[in-house]
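Let's take a friendly walk through this two-part model, with the cut-offs spelled out as we go.

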Amino acid sequence: MDTPSGKLVRSHCVGTTAVVYASDYLNKLTGEKIERECRRQLNCGCRALVIDFSDTKLVNSIGVSILLGIIDVAEKSGARIAFSDVNSQTVQLFEMLGLTRHVVLAKDEREALLNLSHFETTPIVH
Amino acid sequence: MELSTQKLIHTFGALADLGQEIAGTGDFTEMVRTSMHLLLGTLALRRGAVVECTGDGPLKCVAVWGLGDQMFSGFEIEEAEKQAFLSGEATESLVQNTASANAFLNRHRDKLAAEGIELVFPMIVRGEVTGLILLGGKASGEEFSNDDFETIRAMVRHIGVGIHTHRLLEQVAQRAEENRRLYDELRAIYRDTVRAFAAAIDIKDKYTQGHSERVGKYSEIIAREMGWSEEEVEGIQIAGYLHDIGKLIVDRDIINAPYNIDAKLSSELNRHPSAGYEILAPINHPYADIPLMAKYHHERLDGRGYPDGLTDEQIPMGAKIVSLADSFDAMTTDRPYRRRRSFEDVVRDLRENSGKQFDGKVVAAFARAILKEVKGETKERRITKMLGKTYLEGEHVPTLLGDLISDLEEEVSRKGAKAQSF
């Protein structure tokens, strides 16, 4: 999938979990691309999402708002969501704003997949 | 980094982005949507909407996030509720506060609460409620703090001004478009009036009906071929229509004399360019130099014209064009005392008189325009329509025109080189 800068939004599936890679700066342009990719994966039947922030240096306000939108969509679809490899500054930001109440934070992609695989076997109770 | 510092940096960053977004000239709806995202992202809110007052009560949703699209159908604000926001009576923003004096909140509480809206802020710009911003769903689950309220108020003010400015710009653009349309209409009315006037001038001369209109059209064709701007082309067309307006003050018997008139009558007739100038000069025309083109359309490059005996450089280019158009029409239409001349004869006359009576550049441009039409390179056959279908027929016509053009262009470039050597 193309970003406005011409780069691809990388993603792949591990079972029913989709891993979507955020870009170096999560703002309006890149955020909307990631949101679309997450929606597409959920529509294709994914039951869990990992958003990997290993390349992400900065997340601005619009990025936060878009991530909240992805969390909303995931919750409505009954899907779990995890953020992996988030740098310490961004972790602080997510904790301060309360995003961490809605997502699992994982050290890396492998750990995120492991956490979500545990949830996958647990029935979702609303 | 301390939490408060981190929060401050995040909020400042959002305010800076908001300022940039509002100052941009992009799409209005996108600007509002992005501004709303910035506000939501600053405090990590999951729901928000920006609704605009449409003036007569109903609120129009401009941007929405995390809410149903149909939530705002039938949603309205009453004038008294707007006044309460303005007077400071309705300062309460919390939807859940049932003790609120805010009539708008009280009226819509159930609907707003059902959608998870917790806060309602009016956008007030220049003493007017321009819309509302509705927010809810703090991701942290915490209550809104005083700092949050301050941040929201600051950003709501920014967004309000942004929306107001964009709307003003839209209105300005709309007014400009209306003015342009009105101006075009006025110009069309002016053109039609001038054409009617030209017809009135020609009616005085029973042998030259349609002459002024044809001179206008020939002038337009020549000017366009010479690369004049559209406005200048329109102007010279008008000058062509009005070039003989001075004939209105010349005795009808002199104009309609079916023979060559004597010197005295001729001098009376020759007053018409100056008389035309006197008629046209006090009028504020939407195009430049129309009176001068009428005044000088009988001047010649060799100085033997009238009324002022001007020479080449002294004669405005517009007058040279009208002069050629006028003479060409005179040569190619029947008069009471002679038949119109053949095209070969006309070309011979143009060649002989280029540099004396006519400007070679103008004659060359006219010849090019005729040649294009003869060769079928133009969509319309306007010249043929004026001259009659058969007038430009004949295999020799393109050669005649081609030779004339190359001779004149050679002459013009020779003159140019000579002028440079001095």
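This is a predicted model: local features need pLDDT of at least 70, side-chain atom pairs count only at pLDDT 80 or more; totals for chains, interfaces and linings use all residues.

How many helices and strands does chain A have? Chain A has four helices and seven strands.

Residues are numbered from 1 along each chain as its sequence is written, and chains are lettered from A and ligands numbered from 1 in the order in which they are written.

## The two chains

Chain B, for its part, comes to 16 helices and four strands. The table sets the chains side by side. In it, a residue is buried if 20 or more other C-beta atoms lie within 10 Å of its own, exposed if 12 or fewer, and partly exposed in between, with C-beta atoms placed from the backbone. Two residues are in contact if their C-beta atoms, placed in that way, lie within 7 Å.

| Chain | Residues | Buried residues | Contacts joining residues at least 24 apart, among those between residues at least 6 apart in sequence |
|---|---|---|---|
| Chain A | 126 residues | 47% buried | 74% of contacts |
| Chain B | 422 residues | 36% buried | 59% of contacts |

## The sheet of chain A

In chain A, five strands make an open sheet with mixed pairing, in the order 1-2-4-6-7. Strand 1 (11-14) and strand 7 (104-106) of chain A are at the edges with a single partner strand each, so one side of each has no neighbour in the sheet. From one strand to the next, the twist averages 25 degrees; axes here are lines fitted to C-alpha atoms, for helices over the stretch in contact, and angles run from 0 to 180 degrees between N-to-C directions.

Strands count as paired if DSSP finds at least two bridges between them. Strand 4 (residues 48-52) and strand 6 (residues 80-84) of chain A are joined in the parallel sense by five bridges, and Val50(A) stands opposite Ala82(A) in strand 6 of chain A.

## Helix 2 of chain A

Is helix 2 of chain A mostly covered or mostly uncovered? Mostly covered: 12 of its 16 residues are buried, among them Ile62(A), Leu67(A), Leu68(A) and Ala74(A). The expected span of a helix is 1.5 Å times one less than its number of residues. For the 16 residues of helix 2 of chain A that should be 22 Å, which agrees with the 23 Å between its end C-alpha atoms. Just after helix 2 of chain A comes Gly78(A), with a positive phi of about 75 degrees.

## Where the chains meet

Across the interface, 18 residues of chain A are in contact with 22 residues of chain B. On the chain A side, helix 2 (61-76) and helix 3 (88-97) are the elements that give two or more residues. Helix 2 of chain A gives the most, with eight residues.

By class, this side of chain A holds seven nonpolar, eight polar and three charged residues. Here Ala, Val, Leu, Ile, Met, Phe, Trp, Tyr, Cys and Pro count as nonpolar, Asp, Glu, Lys and Arg as charged, and the others, Gly among them, as polar.

## Strands and a helix of chain B

Strand 1 (residues 45-53) of chain B is mostly covered, with seven of its nine residues buried. Seven bridges link strand 1 of chain B antiparallel to strand 4 (residues 128-138) of chain B, where Val50(B) has Ile133(B) as its bridge partner. Strand 1 of chain B also pairs with strand 2 (residues 59-65) of chain B, in the antiparallel sense over six bridges; there Cys53(B) has Leu59(B) as its bridge partner.

Leu186(B) lies in helix 5 (residues 146-204) of chain B. Leu186(B) counts as exposed because it has 11 C-beta neighbours inside 10 Å. Its C-alpha atom is separated by 9.8 Å from that of Pro286(B), 100 residues apart along the chain.

## Nonpolar cores

A nonpolar core is a set of buried Ala, Val, Leu, Ile, Met, Phe, Trp, Tyr and Cys residues joined through C-beta atoms within 7 Å. The largest has 77 residues, and those with the most contacts inside it are Leu49(A), Val50(B), Val120(B) and Ile133(B). Helix 2 of chain A gives the most to this core, with eight residues. A second, separate core of 45 residues includes Ile236(B), Ala325(B), Phe328(B) and Val363(B).
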